[in-house]
Amino acid sequence: MVADELQTGAEDLKDRNFVTALARGLELLRCFRTGEVSLSNSDFSERTGLPKATIFRLTHTLCALDYLVADTRAGTYRLSAGVLHLGFSVLSAIDIGERAKYEMRQLRDGPNTYITVALGEQHDLDVIYLVTCNSREGVALSIRIGTRLPLFDSGMGQAILVGMHDDAREAVFEIAGRESKQREADGRARFAEAKSHYEDKGFCTGYGTWRSDVNGIAVPVFSLGGARVYGLNVGGPSFHVKPKQLENTYAPRLIKAGETLSIRSGNDSLGQ
């Protein structure tokens, strides 16, 4: 060990849980500036103030962990795919509700002032609203965060089912089967209809299936790698919000919003 590694920094004196070696490794990754592709050990040493012997051990470790790639001929290092993976992980961890608000407002502020927009997630045999954007009409359908609706009998719920991986969907049907075999059979039938419609039109429908006075359409929204599936819907009171307008005017906008909010890796596919 060099003397530098035997010394205790000010941070360590204040916080005994502070891992100096980890901090130094992250500091190296932060050395890259906009437009820079590669750096040498000398560059790292200059920018961090650490001895070259310490830098050598850090770059060797970061290469072994796939955060740096070494060019042995040039004696330089570049960031690798491991850093990109960290970046996507951070991005996927951002509350989807915050990212969804703009898209939801854009959908809500279309030609029909009675349109309401919501984002929800499956829990057991229900869908729970996570984010809502109520219509511009005070007397229209009003929905709140935390509102529950049936998974099998709503457009949003069916969109979530369509977007699920096969094993996750089967787990939902198992829950329904524990209630009753008829409940499971009805759920599977609803899913089959929704999947066929989604493959044909690109969205799922809920015309009076959740509430007789409500019409809506929905699409799945995916987190990174498809690990989590949400439902995004637009709808409103059936007297003011007709299926024809939903499908002709709002469906293209809804599909685009769903694609914008979805963060999926290139090898993910629906229902895998």
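These legends describe close-up views of a predicted model. Local features need pLDDT of at least 70 and side-chain atom pairs count only at pLDDT 80 or more, while totals for chains, interfaces and linings use all residues. Residues are numbered from 1 along each chain as its sequence is written, and side-chain values use heavy atoms, with hydrogens and water left out.

View 1. Pairing requires at least two DSSP bridges between two strands. Strand β5 (residues 126-133) is joined to β6 by 3 bridges, and Val 127 has Leu 149 of β6 as its bridge partner.

View 2. The order is β1-β3-β2, and the pairing is antiparallel. β1 (39-40) and β2 (68-71) are at the edges with a single partner strand each, so one side of each lacks a neighbour in the sheet. β2 pairs with β3 (residues 76-79) over 4 bridges. Helix α5 (residues 52-64; helices are DSSP runs of H or I, at least four residues) packs on the sheet and touches β2 and β3. Its direction makes about 115° with that of β2 (angles run from 0 to 180 degrees between N-to-C directions, with axes fitted to C-alpha atoms, for helices over the stretch in contact).

**View 3. The contact of α8 with α10.** The axes of α8 (residues 155-163) and α10 (residues 181-201) come within 9 Å and cross at roughly 80°. The two helices are therefore roughly perpendicular (65 to 115 degrees). Contact (heavy atoms within 4.5 Å) involves Gln 158, Leu 161 and Val 162 of α8 and, among others, Phe 191 and Tyr 198 of α10.

Notes: Parallel < 35°, antiparallel > 145°, perpendicular 65-115°, else oblique.
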